[in-house]
Amino acid sequence: LFVSNLSWNIDWKRLLEVFAPHGAVRANIIKDRVKDRSRGYGFVEFPTEEAMNAALNATTSQKVELEGRVIN
């Protein structure tokens with residue numbers, strides 16, 4: 001699941017924490033190689049497509065906010 005509009009302060013642990021109730025098994029934040037900081041997006045992995053779709057529906061309908069930003 002592609003997740004965008006993340007704060008530069010969010011790390012993979014926090015992103016996984018948000019999606020763990022929906023069955024997430026892994027999260028990764030994409031970083032800028034030169035500046036070594038988040039590029040504002042990442043990916044969350046789920047065991048099944050159904051779990052991913054449920055997480056997507058839950059987070060978009062609730063407009064989940066992390067550090068003042070509504071994630072996409």
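**Salt bridges and a two-sided helix**

A salt bridge joins the side chains of Arg14 and Glu17, with 2.7 Å from N to O. This description rests on a predicted model. Both Arg14 and Glu17 belong to helix H1, where 3 residues, or about one turn of the helix, separate them. An α-helix has 3.6 residues a turn, so residues three or four places apart point the same way. Arg14 is partly exposed, its relative accessible area being 33%.

In total, the structure holds 2 salt bridges. Glu45 and Arg26 also meet through their side chains in a salt bridge, at 3.5 Å from N to O. This pair ties together distant parts of the chain, since Glu45 sits in strand S3 (residues 38–45) and Arg26 in strand S2 (residues 26–31), 19 residues apart. Glu45 is partly exposed, with a relative accessible area of 39%.

Helix H2 comes next. Its 14 residues (49–62) reach 20 Å from the first C-alpha to the last, close to the 20 Å expected at 1.5 Å a residue. Within H2, the residues Ala51, Ala55, Ala58 and Thr59 are buried. These four lie on the same side of H2 because they cover an arc of only 90 degrees around the axis. Helix H1 (12–19) is included in what covers the buried residues of H2. On the other side of H2, by contrast, Glu49, Glu50, Asn57 and Ser61 are exposed. After H2 comes Lys63, which has a positive phi, near 50 degrees.

Note on methods
Residues numbered from 1 in each chain as written. Predicted model: local features only at pLDDT ≥ 70, side-chain atom pairs only at ≥ 80, totals over all residues. Heavy atoms only, no water. Expected span 1.5 Å × (residues − 1). Buried < 20%, exposed > 50% of the residue type's maximum accessible area, 1.4 Å probe, protein only. Arc of directions from axis to C-beta. Contact = heavy atoms within 4.5 Å. Salt bridge = Lys/Arg side-chain N within 4 Å of Asp/Glu carboxyl O.
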